[in-house]
Amino acid sequence: MAPSPPYDTTGVEYYTVPLFQFTSGQVLDIRVAYRCFNPSAERTVCIPTCYGGRINTTLSFTGTDRALQGFRVVVIAMLGNGESTSPSNEPNFPKTLDYRDSVNSQYELLTKHLGTRELEAVVGFSMGGQQAYYWACMHPAFVKSVVPICSSAKTSLHNYAFLEGPKAALINSIDYEDGTYRTKGVKPVRGLRAFGRTYCAWALSAPWFRERQFQKIGFSDVEHYIRKNWEDSFETWDPEDLLALARMWQAGDIGKIRDDGDYLKALESIESKVLVMPSRTDTYFP
């Protein structure tokens with residue numbers, strides 16, 4: 001089996017935030033990975049990464065012929081994705097990661113390093129969209145609008161249950177070895193590929209498969225699609241990064257920002273303009 005091509009880090013930069021305090025109370029020096037486009041533009045848009053996304057796979061809105069061509073666009077890797085501080089590059093990474101940690105780290109980058117005084121918008125897909133909701137609640141005077149795409153303000157029980165499947169496939173794989181694989185200097189490739197295979201049916205709808213849409217993007221059959229687009233993709237990831245992000249996703253709930261934990265009241269309190277972009281065939285952000 002040919003190895004997956006290495007990830008292209010072109011244009012990715014890093015900013016160090018000293019003594020960053022996580023919501024768990026733990027304090028660490030962290031780094032935040034980002035890439036800036038059109039830096040001379042007056043108005044700034046932030047795009048956080050999604051689950052399985054890296055900075056240079058999150059460029060749908062950048063470029064001269066794209067929707068945000070007139071803005072300074074800052075694509076930021078959320079904590080845990082392997083580019084910013086994550087279990088894979090920080091041995092003392094917290095056991096529990098919270099969306100508030102990612103948003104706070106992004107705020108530090110934008111205000112203290114990039115000199116941003118306000119955001120025209122936060123645009124995000126999936127977990128990126130959940131971060132957009134958190135941005136609107138946590139920094140109402142800083143964010144003028146948010147655009148959550150196929151996302152939610154609170155992770156549903158159905159979504160929570162779906163994520164348990166890929167997690168279990170990885171954690172219970174023979175080469176994950178109950179988490180002791182690192183002490184033996186191995187990577188749980190079988191577990192990572194099982195993670196991808198388990199995940200793939202959830203990412204697209206039943207009509208997408210029924211209409212054989214995978215053939216329109218270059219795959220000969222469904223097995224070819226699963227192997228190349230899902231197994232190969234997740235094989236490039238660090239297992240602990242995937243698990244940390246999945247747990248944060250499962251715990252997503254903007255109500256946590258409030259003392260009473262009421263996410264509906266948190267939604268009602270949003271002052272930013274919100275453009276919600278759902279999908280009729282979305283299987284886990286209905």
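## Aromatic pairs

Rings of Phe, Tyr and Trp, the last taken by its six-membered ring, pair if their centres lie within 6.5 Å. In this predicted model, such ring pairs link Tyr-51, Phe-162, Phe-195, Tyr-199, Trp-202, Trp-230, Phe-234, Trp-249 and Phe-285 into a cluster. A search of the whole structure gives 25 aromatic pairs.

One of the pairs is formed by Trp-249 and Phe-285, with 5.8 Å between centres and 20° between planes, and is stacked. Trp-249 belongs to helix α7 and Phe-285 to the segment after β7 (273-274), so the pair ties together parts that are 36 residues apart in sequence. Trp-249 is buried, its relative accessible area being 0%. Phe-285, at 3% relative accessibility, also counts as buried.

## Helix α3

Helix α3 covers residues 157-171 and includes Leu-157. At 1.5 Å a residue, the 15 residues of α3 should span 21 Å, and the end C-alpha atoms are 21 Å apart, which agrees. Leu-157 has 76% relative accessibility and therefore counts as exposed, because the threshold for that class is over 50%.

The buried residues of α3 are Asn-159, Phe-162, Leu-163, Pro-166, Lys-167 and Leu-170. An α-helix has 3.6 residues a turn, so residues three or four places apart point the same way. What covers the buried residues of α3 includes α4 (189-203) and α7 (239-250). Phe-162, one of these buried residues, is also a member of the aromatic cluster.

## Arg-54 over two rings

Arg-54 lies over the face of Tyr-7, at 5.4 Å from the ring centre. The charged end of Arg-54 also sits over the ring of Trp-237, 4.3 Å from its centre.

## Salt bridges

The whole structure holds 16 salt bridges. In one of them Glu-120 pairs with Arg-43, the closest N and O atoms being 3.8 Å apart. Glu-120 is in the loop between α1 (99-113) and β5 (121-125), and Arg-43 in the loop between β2 (27-37) and β3 (44-48), so the pair ties together parts that are 77 residues apart in sequence. Glu-120 is buried at 16% relative accessible area, whereas Arg-43 is partly exposed at 42%.

Arg-100 and Asp-98 meet in a salt bridge at 2.9 Å, N to O. Arg-100 is partly exposed at 22%, and Asp-98 is buried at 9%. Lys-184 and Glu-177 form another salt bridge, at 2.4 Å, N to O. Lys-184 is partly exposed at 49%, as is Glu-177 at 27%. Salt bridges with shared partners join Arg-193, Arg-197, Glu-223, Lys-228, Glu-231, Asp-232 and Glu-235 into one network.

Note on methods. Residues are numbered from 1 along each chain as its sequence is written. This is a predicted model: local features need pLDDT of at least 70, side-chain atom pairs count only at pLDDT 80 or more; totals for chains, interfaces and linings use all residues. Side-chain values use heavy atoms; hydrogens and water are left out. Helices (H or I, at least four residues) and strands (E, at least two) are DSSP runs, numbered from the N terminus. Buried means under 20% relative accessible area, exposed over 50%, partly exposed in between (1.4 Å probe, protein chains only). The expected span of a helix is 1.5 Å times one less than its number of residues. Contact means heavy atoms within 4.5 Å. Rings of Phe, Tyr and Trp (its six-membered ring) pair if their centres lie within 6.5 Å; planes under 30 degrees apart count as stacked, over 60 as edge-to-face and the rest as tilted. A charge sits over a ring if NZ of Lys or CZ of Arg is within 6 Å of the ring centre and within 35 degrees of the ring normal. A salt bridge is a side-chain nitrogen of Lys or Arg within 4 Å of a carboxyl oxygen of Asp or Glu.
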